Every structure is written in C-alpha cells, then in structure tokens.
Amino acid sequence: CVALIAGCALSSLGAAPAAAAAWSYVVAAGLTFLCTTVAAATPGAGKALCPECGGASFFYVPSAAYPALAWWIVMSTACNYALMMWLVKQSSPTFVASSSALQP
C-alpha cells in the first residue's frame, strides 16, 4: 500500500519509473541493513536463526558455498536486475512501485 502511494506520488511529480524502482531499493537496503545489524548485535540471535551453525560467527560462510554464492550473485542479481531495469524503463512509476512491493 505504501509503495503504491509512493508510486502515485512519484508519478504526479513527473518522476521516471526508474526513480520509483531506485527508491524502492534504497528503502529495502536500509531496512535490510537495520535488521541485520540488530540481529548481529542481539546475543543469542545467531543460535536462534542458525542452530546448525554450531556457534560459528554470525556471518560465517563455508568455503564450499562460494561457487553457489558466486552463481547467485551473477545470475540472480546481475541478470535479473538488468532485465528488471529494462522492464522499468517501459512502465509507469505506479506499476513499478506496486510491483516492487509484491515481489517475493
């Protein structure tokens, strides 16, 4: 609902659809940073969120996961965002803001 209102507001201001997408990502990145910082600073959060980690650092990534992580970064992030930005350029700010809120 907030994203739809923001999209309408950006549209009425004459903002480009890419601006609606960019602001959606800025807000999402800020909230992700806030949640990660709170979880990392909370004692016992690592065990509650990852009981099978065995007390390792909250941000520990096993070396066996590096190939999967590289694949995820390249394919999911770079390719999908490139396709999404192409679609954003052909859409309205209202559609972009509402679709950003509905993405899984």
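Modeller: Among contacts in the protein chain (heavy atoms within 4.5 Å) between residues at least 6 apart in sequence, 69% join residues at least 24 apart. This is a predicted model, in which local features need pLDDT of at least 70 and side-chain atom pairs count only at pLDDT 80 or more, while totals for chains, interfaces and linings use all residues. Residues are numbered from 1 along each chain as its sequence is written, and side-chain values use heavy atoms, with hydrogens and water left out.

The protein chain holds 5 helices and 0 strands, where helices (H or I, at least four residues) and strands (E, at least two) are DSSP runs numbered from the N terminus. Of its 104 residues, 13% count as buried, a word that stands for under 20% relative accessible area, with exposed meaning over 50% and partly exposed in between (1.4 Å probe, protein chains only).

Ser 91 counts as buried because its relative accessibility is 17%. A polar atom of the Ser 91 side chain lies 2.9 Å from the backbone oxygen of Leu 87.

In helix 4 itself (residues 66-88) lies Leu 69, which is partly exposed, because its relative accessible area is 38%.

How values were computed:
A polar contact is a pair of N or O atoms within 3.5 Å; within protein, one must be able to donate a hydrogen and the other to accept it, and residues adjacent in sequence count only if both atoms are side-chain atoms.
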